[in-house]
Amino acid sequence: MLVFLAKRLLQLIPTLFIVSVIIFGLQQLLPGDPALAMAGEERDPQVLEQIRRQYRLDQPFYIQYLYWVGGVLSGNLGESMRLKEPVLTLIAQKFPVTLQLALMAIVISLTIGITAGIMSAVKRDTPIDYAVNLVALWGISTPNFWLGIMLIFLFAVHLGWLPASGYVSPFQDFWLSMQTTILPAFVLGNSFAAVLMRHTRSAMLQAMSSDYVRTARAKGLAERVVVLKHAMRNALTPIVTLGALELGTLLSGAVLTEQVFSIPGFGKLIVDSVFNRDYAVVQGVTLITATTYILLNLLADIAYVLINPRLRS
Amino acid sequence: MAVAHAQVAELNHESPTARAWRRLLRRKSAVFGLAVITLLVLIAVLAPLIAPFDPTQQSWTAIRKPPSLQHWFGTDESGRDLFSRVIFGARASLLAGVVSISIALGLGVPIGLLAGYGGRWMDAVIGRITDAMLAIPFLILAIALAAFLGPSLQNAMIAIGLTATPIFVRLTRGQVMAVKVEDYVEAARAVGNPARRIAIKHILPNILPALIVQATISIATAIIAEASLSFLGLGQQPPAPSWGSMLNTAQRFLTNAPWMAVWPGLAIFLAVLSFNILGDGLRDALDPKER
């Protein structure tokens with residue numbers, strides 16, 4: 001286990017290094033002079049010269065990169081040109097909002113996805129199975145920003161049950177916070193629920209046809225016990241790792257959901273920064289998201305080994 | 001009996017492509033997907049002939065009109081005919097789906113072949129770069145790339161294509177690893193074929209089924225990605241119609257013109273659904289285990 005852990009940790013170093021090069025390299029794609037883009041309306045040659053010096057644009061790429069990565073390693077992701085605040089402070093402000101949304105989305109999708117997946121496998125080739133498969137296909141194929149818009153229309157505009165947009169922290173007003181986040185969390189979790197339904201169904205079908213389930217049935221155990229205790233426990237092992245990995249994907253889905261529901265989270269921060277050409281923020285947010293994703297990947301691998309007794313040795 | 005023998009003999013002589021077609025056409029859902037995709041392609045190609053109005057023509061006397069006999073899908077905030085805009089929008093979506101995945105295939109397959117067949121160092125370097133790119137969530141990388149390249153449909157397609165490339169690198173590499181130990185590859189090597197010839201003539205045709213399945217499913221992802229980028233304002237630029245940007249505008253008029261949001265969303269859903277079920281069908285039809 002320790003060797004496995006050490007090996008996985010060592011593998012992180014080159015991956016993180018390349019991620020940082022890619023993210024920093026994006027700036028090089030910028031058509032024309034980055035100083036001109038940063039200066040906005042300003043065309044004074046002296047100002048442009050100062051920007052070039054300040055951001056080391058007059059230095060070669062690798063020098064610029066080394067300064068940037070040096071800053072990152074000491075916890076300095078640069079400063080937002082638009083908001084005049086350190087990028088790290090902005091991320092620290094916005095991250096909890098997205099995290100709340102992502103966690104709620106995971107709870108919703110686990111509940112719907114696993115329940116429906118098990119039902120579909122147990123009732124194989126019945127109308128329930130077909131219905132679950134259809135819902136799963138619908139979930140995978142529906143763009144979440146469209147689903148968001150339609151749900152706002154139904155629940156906020158038409159029925160008036162929930163607010164159309166905005167965000168309230170759960171520490172400020174728990175009930176209101178749930179009201180503002182339930183729709184976006186559902187929208188965010190929708191496609192994950194669909195993926196889970198499909199995975200749970202196929203894992204359960206495999207487990208139900210295995211020898212240990214046949215033995216459990218032969219022992220005369222009740223079908224409920226066979227399904228819930230014997231088949232489900234084994235089928236759900238890979239789902240745990242899928243859940244951890246999906247948290248990273250949800251961060252990316254949050255970009256659109258937060259935009260639709262005007263939620264001031266991570267996703268909205270990156271979109272606003274893109275439009276204001278606030279490159280330091282774009283780079284910082286992308287780097288943090290990728291690092292989170294890589295770490296979640298690692299945690300998922302470790303969890304998988306810990307849960308699966310066959311891999312523990 | 002004789003007829004059965006003849007049928008078996010005929011099936012044995014069936015080419016792999018014909019067999020795949022036959023198996024694909026047996027699946028109702030896949031046929032539905034294929035039919036809808038064919039219809040969407042026809043709509044996109046024949047858009048000027050089908051659309052009753054110019055998709056960019058504004059009419060101040062027909063602002064935000066609900067669906068009617070004259071305007072089947074209603075009109076938008078500038079009085080443009082939504083039916084015509086949805087029809088022309090198919091062009092941007094399908095183009096983005098096909099072009100971006102062609103970019104991803106064009107880059108990903110050769111790089112994947114190189115990783116799988118080019119020695120340990122090559123494999124290690126390409127593997128690490130692929131891991132790194134896959135570590136950045138798809139949409140965030142596409143947004144960052146599109147933002148740095150500048151907002152346009154062309155740049156959105158490049159951004160989505162580059163973002164999807166590592167998926168094909170990894171798939172190709174994995175397939176090459178599995179195929180390169182097969183007897184026919186060993187035989188080709190034993191008779192002195194150069195590595196490049198083996199990769200292109202012997203390995204590539206055998207990994208094609210997996211690539212076709214992945215490409216079909218990736219087109220669905222690329223269509224959603226293009227719609228997402230256009231929704232954010234990073235794809236197709238107004239006034240040219242795109243389903244994603246139409247939804248962006250529709251959001252502002254949800255209270256008094258909800259129909260503006262219904263049609264472009266349904267169109268994206270239908271296109272993505274069709275590619276997804278065609279991909280599922282192809283996976284089953286091309287699976288050698290089911291022969």
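**Figure 1. A close look at B:Ile223 and its neighbours.** Not counting residues up to four places away in sequence, B:Ile223 touches B:Ser93, B:Ala96, B:Gly97, B:Ile268, B:Ala271, B:Val272 and B:Phe275; here, two residues touch, or are in contact, if their C-beta atoms, placed from the backbone, lie within 7 Å. Please keep in mind that this is a predicted model, in which local features need pLDDT of at least 70 and side-chain atom pairs count only at pLDDT 80 or more, while totals for chains, interfaces and linings use all residues. Residues are numbered from 1 along each chain as its sequence is written, and chains are lettered from A and ligands numbered from 1 in the order in which they are written. B:Ile223 is also one of the residues that touch the most other members of the largest nonpolar core, together with A:Ile270, B:Ala142 and B:Ile143. That core has 164 residues, a nonpolar core being a set of buried Ala, Val, Leu, Ile, Met, Phe, Trp, Tyr and Cys residues joined through C-beta atoms within 7 Å. Helix H5 (residues 82-117) of chain B supplies its largest share, 18 residues.

**Figure 2. Helix H5 of chain B crossing helix H8.** The axes of H5(B) and H8 (residues 153-179) of chain B come within 5 Å and cross at roughly 35 degrees. Axes are lines fitted to C-alpha atoms, for helices over the stretch in contact, and angles run from 0 to 180 degrees between N-to-C directions. Ala, Val, Leu, Ile, Met, Phe, Trp, Tyr, Cys and Pro count as nonpolar, Asp, Glu, Lys and Arg as charged, and the others, Gly among them, as polar.

**Figure 3. B:Trp60 in its loop.** Have a look at the loop between helix H4 (47-50) and H5 of chain B, where B:Trp60 lies. B:Trp60 counts as exposed because it has 7 C-beta neighbours inside 10 Å; the cut-off for exposed is 12 or fewer other C-beta atoms within 10 Å, for buried 20 or more, and partly exposed is in between, with C-beta atoms placed from the backbone. The C-alpha atoms of B:Trp60 and B:Gly79 are separated by 5.8 Å, although these residues are 19 apart along the chain.

**Figure 4. Helices H5 and H6 of chain A.** The axes of H5 (residues 87-122) and H6 (residues 127-141) of chain A come within 8 Å and cross at roughly 140 degrees. H5(A) and H6(A) are therefore oblique to each other (under 35 degrees is roughly parallel, over 145 roughly antiparallel, 65 to 115 roughly perpendicular, and the rest oblique). H5(A) passes H6(A) in a left-handed crossing. A:Ala116, A:Met119 and A:Ser120 of H5(A) meet A:Ile128, A:Asp129, A:Val132, A:Asn133 and A:Val135 of H6(A).

**Figure 5. Where chain B meets chain A.** Here 37 residues of chain B are in contact with 39 residues of chain A. On the chain B side, H7(B) gives the most, with nine residues. This side has 29 nonpolar, six polar and two charged residues. Chain B has 12 helices and zero strands, and chain A has 14 helices and zero strands; helices (H or I, at least four residues) and strands (E, at least two) are DSSP runs, numbered from the N terminus.

Conventions:
Left-handed = near helix turned anticlockwise from the far one by under 90°.
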